[in-house]
Every structure is written in structure tokens, then in C-alpha cells.
Amino acid sequence: SVTVSLVMSDKGVLLADPEIALQGIPGTDREGTPLEDLARDAVRGTLQSIPKPRRKDHAMVSEAVKRAVRSAINQAWGKKPVCSVLLTVL
């Protein structure tokens, strides 16, 4: 499973680097790239693709991040992990 922890402002600004925790998943892909890095890149790319006003929709942000991380891990590993997103809004 993959757990993603995000801390955002109420205006939709990411306040800290996303925290990624992998359980029962290989640490790297076949080329040696850490899957944690792939997941973090997927999170950042997803957040950048969402217009700032829409980032206030926390359920949509969580779902978009979850889908992006599952897809990134699936591409690298060939399996879709269970993914949860913990979104803290300050």
C-alpha cells in the first residue's frame, strides 16, 4: 500500500513536501529509481495541474492524487497498490 500525507493551506497551497510511505511494495523499479520518488513526482505534477481555485475542493484533490500515485506505481511495478491520501488543511 501507499500512503500520501499532504499539508495544504485553506487556499490550496502545498505547505510542506509530500510524505510518502510504501508498505509491501519494492523500494525501486527495474532501473533502480526509488518508487517513493516516482510517487512524490506524481503528487507534485497532479497538484500543479489543478488550478489554484479548484485546489480548495479537498475531496477532488485527494482523489486526483490517489489516482496519479496508483498510476505511477502501476507503470513502474506492474501492479496497482492500495493508496490512501491524508490531507491536512491549515
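In what follows, Lys and Arg count as positive and Asp and Glu as negative, while His and the chain ends are not counted. With that convention, the protein chain carries 13 positive and 10 negative side chains. The centres of these two sets lie 7 Å apart. Colleagues, please keep in mind throughout that this is a predicted model.

Let me begin with the overall architecture. The protein chain contains two helices and three strands. Read from the N terminus, these elements follow the order β-β-α-α-β.

How do the dimensions look? Along its principal axes, the C-alpha trace spans about 40 × 20 × 20 Å. For a chain of 90 residues, a compact globule would have a radius of gyration near 12 Å, and the value of 13 Å found for this protein chain agrees with that.

Of the 90 residues, 33% count as buried. If we take the contacts between residues with a separation of 6 or more, 51% of them join residues 24 or more positions apart.

I turn now to the salt bridges, of which the count comes to four. Which residue does Arg-44 pair with? Its partner is Asp-17, and the closest N and O atoms of the two are 3.2 Å apart. Arg-44 belongs to helix H1, residues 35-49, and Asp-17 to the loop between E1 and E2, so this pair ties together parts that are 27 residues apart in sequence.

Arg-40 forms a salt bridge with Glu-36, with 3.3 Å between the closest N and O atoms. Because they are four residues apart in helix H1, Arg-40 and Glu-36 are separated by about one helical turn. Is Arg-40 buried or exposed? The cut-off for buried is under 20% relative accessible area, and Arg-40, at 16%, therefore counts as buried. Glu-36, at 31%, counts as partly exposed.

Glu-63 is partly exposed, with a relative accessible area of 33%. Arg-67, by contrast, counts as exposed at 58% relative accessibility.

Where does Val-13 lie? Val-13 is found in the loop between strand E1, residues 2-8, and strand E2, residues 19-22. Val-13 is partly exposed, its relative accessible area being 33%. Leaving aside residues up to four places away in sequence, Val-13 touches Val-7, Met-8 and Lys-52. Val-13 and Ser-49 stand 36 residues apart in sequence, and their C-alpha atoms are 13 Å apart in space.

To close, I return to the loop between E1 and E2. Val-13 lies in this loop, and so does Asp-17, the residue that joins the loop to helix H1 through Arg-44. Thank you for your attention.

Key. Residues are numbered from 1 along each chain as its sequence is written. This is a predicted model: local features need pLDDT of at least 70, side-chain atom pairs count only at pLDDT 80 or more; totals for chains, interfaces and linings use all residues. Side-chain values use heavy atoms; hydrogens and water are left out. The radius of gyration is taken over C-alpha atoms; the globule rule is 2.2 Å times the number of residues to the power 0.38. Buried means under 20% relative accessible area, exposed over 50%, partly exposed in between (1.4 Å probe, protein chains only). Contact means heavy atoms within 4.5 Å. The place of a charge is taken as NZ of Lys, CZ of Arg, CG of Asp or CD of Glu. A salt bridge is a side-chain nitrogen of Lys or Arg within 4 Å of a carboxyl oxygen of Asp or Glu.
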